[in-house]
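Here are a few friendly notes to read alongside the model.

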Amino acid sequence: MNAAGVLGMTPDILKRVYDSGAGAVISKSIGPEPRRGHPNPTLVRVECGALNAMGLPNPGVEYFVEEIQEIKKMGVPIIASFFGGSTQEFADVAYKLSRAGADALELNASCPNVAEELGMLAADAANVEKVTAAVRDETKLPLFVKLSPNVTNIKSIAVAAEWGGADAITAVNTSKGIAIDINLRRPILANVTGGLSGPAVKPVSLRCVWEVAQAVKIPVIGCGGITTGRDAIEYILAGASALEVGTAVMTHGLDVYKEIADGITCYMENNGFTSISEMVGLAHDYENIGVDNACLGMTK
Ligand SMILES: Cc1cc2nc3c(=O)[nH]c(=O)nc-3n(C[C@H](O)[C@H](O)[C@H](O)COP(=O)(O)O)c2cc1C
């Protein structure tokens, strides 16, 4: 899948993502009302990745209902990413997206713009459980909860989402960072801080998948810096059953989805695997892996 928000989200773009080899597409995060987002600059390329502070710009759920219907007409499976400012708003937006015909929902629990009742939602296990449960009450659709890596104990947040009724955990959103212009002697992003994505975050995001996979029984969706088939295999071995790819599209174009899929197939053929599920989490058994099982290598 594409990672939420990295590309635009017109039906045409999402259709192109699907045609390029993604198994399903994800919208950018939709909120209850239209939002302009942060002022520019909102995106800066940094070493091995990008730093963004878009501020969740989106047309609002009412408008997006029509877009979902258009995407569905094209035969593309659509996962609607969403957020709210309060528990009630999360539930209301989820309800509207379900009624509009989305195939699944991804609750963006990393959203920083929430009312005081939710505190720092991303890092607050009790509130993540509360919001997930409120959304669960409104929809029967598969519900993914997307976590932030910027927390002390991601396992506890993942378990809270599972208790709240999540069907899968997406791990993870961007890592908080900053970039400074040495000539202007000021932060580059208008918002000062932003979210780091791309290869720079891969080891951190992979560690999050590893920990979440140990903590929950529901499937984990890996996200963060995936660019090649090799990255994808690392995530699957760490415990991911599915993957999201975002920033790699900026560097490799839409062909990256097919390249990654081909890389996964190549590894599977070289190593005698016939399904992804045979590989999920295998690296956790590292103490029992003998030399006989040594990897035959990737060609891509
Ligand atoms: C420009 C940009 C916009 C993003 N917008 C969203 C968003 O609306 N909702 C969300 O959950 N994540 C958003 N993200 C985070 C990505 O979905 C993804 O979690 C992150 O970029 C790490 O994956 P990557 O390294 O493959 O890009 C955004 C990332 C970028 C770079």
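1. The ligand is surrounded by 23 residues, a residue being near if one of its heavy atoms lies within 4 Å. The closest are Ala4, Ser29, Gly198, Gly225 and Thr247. By class, this shell has 12 polar, nine nonpolar and two charged residues, with Gly counted among the polar ones.

2. Please bear in mind that this is a predicted model, where local features need pLDDT of at least 70, side-chain atom pairs count only at pLDDT 80 or more, and totals for chains, interfaces and linings use all residues. Residues are numbered from 1 along each chain as its sequence is written, and side-chain values use heavy atoms, leaving out hydrogens and water.

3. Two polar contacts (N or O atoms within 3.5 Å) are worth a look. A polar side-chain atom of Lys146 is 2.8 Å from a ligand oxygen, and a polar backbone atom of Ala4 is 2.7 Å from an oxygen atom of the ligand. The protein buries 95% of the 610 Å² that the ligand exposes when taken alone (Shrake-Rupley method, 1.4 Å probe).

4. Thr87 sits in helix α3, residues 87–100 (a DSSP run of H or I, at least four residues). Thr87 counts as buried because its relative accessibility is 13%, the cut-off being under 20% with a 1.4 Å probe and protein chains only. Leaving aside residues up to four places away in sequence, Thr87 touches Glu117, Leu118, Lys130, Val131 and Ala134 (heavy atoms within 4.5 Å).

5. Strand β11 (residues 193–197) runs antiparallel to β3 (residues 49–52), joined by three bridges; strands pair when DSSP finds at least two bridges between them. Here Ala50 stands opposite Ser197.

Key: A polar contact is a pair of N or O atoms within 3.5 Å; within protein, one must be able to donate a hydrogen and the other to accept it, and residues adjacent in sequence count only if both atoms are side-chain atoms. Helices (H or I, at least four residues) and strands (E, at least two) are DSSP runs, numbered from the N terminus. Buried means under 20% relative accessible area, exposed over 50%, partly exposed in between (1.4 Å probe, protein chains only).
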